[in-house]
Amino acid sequence: MLRRAGLSLGQFLWRRKSSAEFSCSFGKAKMSRPVQAQKLEGLDKNVWVEFVKLAATYPTVNLGQGFPDFSPPDFVKEAFVKAVSGENAMLHQYTRVFGHPALVTILARFFGKLLGQDIDSLTNVMVTVGAYEALFCCFQALVDSGDEVIIIEPYFDCYEPMVKMAGGTPVFIPLRPKTPAPGKLMSSGDWQLDPAELASKFTRRTKAIVLNSPNNPLGKVFSKKEMELIADLCVKHDVLCFSDEVYEWLVYDGKKHIRIASLPGMWDRTITIGSAGKTFSATGWKVGWTFGPDHLLKHLRTVHQNCVYHCPTAAQEAVAQGFQREFERYGKPESYFVQLPQELQQKRDRLVQSLLAVGMKPIIPEGTYFLIADLSDFKAEVPDLPDCEEPYDSRFIKWMIKNKGLAAIPVSAFYSTAQKRNFDHLIRFCFVKEEATLKAAEDILQQWKLKKTGP
Amino acid sequence: MGRGARVEGMLFVPQRFLCLGIRTQLLKTVSSLRSFRFSALATMASKHKNAKRIEGLDSNVWVEFTKVAADPSIVNLGQGLPDISPPSYVKEELAKAAAVDRLNQYTRGFGHPALVKVLSQVYEKICGRKIDPYTDILVTVGGYGSLFSAMQALIEEGDEVIIIEPFYDCYEPMVKMAGAKPVFIPLRYKKAGNSASSADWVLDPTELASKFNSKTKAIILNTPHNPIGKVYTKEELQLIADLCIKHDSLCISDEVYEWLVYTGNKHIKIATLPGMWERTVTIGSAGKTYSVTGWKLGWSIGPQHLIKHLQVVQQNTLYTCSTPLQEALAQAFLIDFKRMDDPDCYFYSLSRELEGKRNRMAQLLQEVGLKPVIPEGGYFMIVDVSALDVDLSDMVEDRPYDYKFVTWMIKSKKLSAIPLTAFCGLETKEQFEKYIRFCFIKQDSTLDAAEMILKKWSKQIA
């Protein structure tokens, strides 16, 4: 059985022989050939599987994986409990495949205003199992073998394997840090795209660009000017834009989140992705959504109906209730979308101070609940091993988890293979944590500093 | 075609759209721009084209028929949607889980620890072998998600996958989306005695053997079977197992209805046959087990060397499933695991309840003069409607008889079902087009309403 073009005749004959032998040995039979599909090649490593396990194995103050360690707001929790224990038992059964009616209706109303579009709830909205599945549908629906997809570094790590699994070629472009003004701390805003460099990445094979604003892990909130730069190139080269906006509400210091689909020429070529997990601090619900023109969304629907088909009903009902409540309070002080970023900005500032106090150099994020810190001053703790394949920051964090009881995520995980070594002195902290957790982290850092500087 | 002309056309068009307003109406453009528009649209259409893998996979029987049956005046025996309530402890566990802060956040990607642990306990007991909760199990978004993960992980271009007809309709597009070729083999009706039973539908051994070749990567088995309700016997499973071993093929065994087997029948897991554990991925579903289809939780169980590839697919598709749902399911399973030797266990009590409904449904159909195929398992029943000889000549569209019949029945009798040809490949449509499928996991009031319709109908025929 010749499964791969690359098999030699010898291997081919060995496999034929082996399978014939196996038919006689019931109970010992094992697949004699590589079973997995070729598309999975190189996709087996995953930073989350590794680091989530570590953080769970050792007692740690966990500022690693991005999830709140406090509760979702009461109004959504109550909505969920009501949905599952209420009169309507049908909320435990299948709902509409492309999105529970109550949810797509309110999403269309809410985001229509924000995107400046007349959004049809049935053709311009699709609900997915988290933003993760939305991304998967984009790539599977619209990226083919031979297509190039531009990814801005640093990037949420799943973009690269998803492009590859769809047979596409990722083309990377880094955000380049500019030195901040004297006396000022570095901000995520100081990391910028070089316009000429960006333009050079667009070729006739470019199918799409992935935009993530606010950006994970850096926290950058792309400005209107930066978005226009990208939009102009998309329009010029007729390229699609997959816009991952899951942290859309988490912007600080009065900055504004711009939705690229609202820029001229962009609605027809953009899929905008959102997440209930980030919006309502309920990452475990796994409810996400996409907005876009019907001629693109219909292809995502085809993928979705052949992949998971329905999304769970009750959580969709609860998210719908949550959005209804927020719709009524939009822009008001009691809106969760106003309160959460205010609360998180304070936590951000607190963590920044803690890190500065111990000599780690934080890069102030304009958005998201992540913060990157440069640990160059801590390099003495963990020796540099130039021949080691594992990036420095990954080794550093493993040491930090085991020896300091503090977990973070290595920033090299958010970079392409070619760039990992250039960005392996940075680690990512997540600050969407309750006061006690941030205080505990602060204490660990203080102790650490004392130990370093001596008695 | 000069790049310059294209670029100009593209820059012009978007500004026109902005003036016209929001909705993308590609034809609403000033006529003087027609030439620009045409080339711009052609370009846009080609760049915005779908990936090849989903070509031809856009139509779906459920999207069509669930829309129709959403009318509350129609008695819906179509889609497999229980309108009975899930057991109260299942709902309570979910409410409890949702109230715990950390259970609203991410859990382990391949399956919530509490859930995979209890699944391994339940299935170890049934399979009589050790099942590692972390390496041998993957929790997915419904049985559907397990089917998708298995196919993406293990099937690719150049492979052939055997599908037994009639089949749950997603098998074919999933095989195609993975780039492989579906090879069909029908269950054939063998007349055996007076009453029609799902046991009368069998595979021809020679025909089955002829479908296996060196390219056969897997066979998809579904037992208990949707839509016929067949529960494969040990001999039938052995036939399939022997061929899998001989040809070194995999078996993807869709056993979502595993608990729903009726008196005189036993559900056998093909993975427990000699030589099969190593080559089988067995799929289960919370939706069917606990009558909570809207929870969309399923699982794949198998040897590590197969499950690890499904796990890689998971981490590159949706990463993790809902936490509160998995926690609640784990608690429900713990309750029933403890009473697995007790007839009160929900796995058995649901089956008993459904057997009563099955018998009632069969009787109602027989009273109209129809001959239902009595299912040995599952919650569907197929019936040959050609005996009713309904005049559908005024329905001109070129569709199989069963599609036309169901459309007519929904309209004129306010009763819905699903046409059986939705579950067949193109070649076998003629064999199955006189059958329609009814779902009987319905509360008494729904079956009462169906009874009224059918009694009225039979009076009209008499």
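Visitor: How much area is buried between chain A and chain B?
Guide: This is a predicted model, in which local features need pLDDT of at least 70, side-chain atom pairs count only at pLDDT 80 or more, and totals for chains, interfaces and linings use all residues. Residues are numbered from 1 along each chain as its sequence is written, chains are lettered from A and ligands numbered from 1 in the order in which they are written, and side-chain values use heavy atoms, with hydrogens and water left out. Buried area is the accessible area (1.4 Å probe) that two parts lose on being put together, summed over both. Carbon and sulfur atoms give 56% of the area between chain A and chain B, which is about 8,300 Å².

Visitor: How many residues does the contact take from each chain?
Guide: Contact means heavy atoms within 4.5 Å. By that rule the numbers are 99 residues from chain A and 96 residues from chain B.

Visitor: Which side chain of chain A meets Lys52(B) in a salt bridge?
Guide: A salt bridge is a side-chain nitrogen of Lys or Arg within 4 Å of a carboxyl oxygen of Asp or Glu. Between chain A and chain B the count is 2 salt bridges. In one of them, at 3.8 Å from N to O, the partner of Lys52(B) is Asp144(A).
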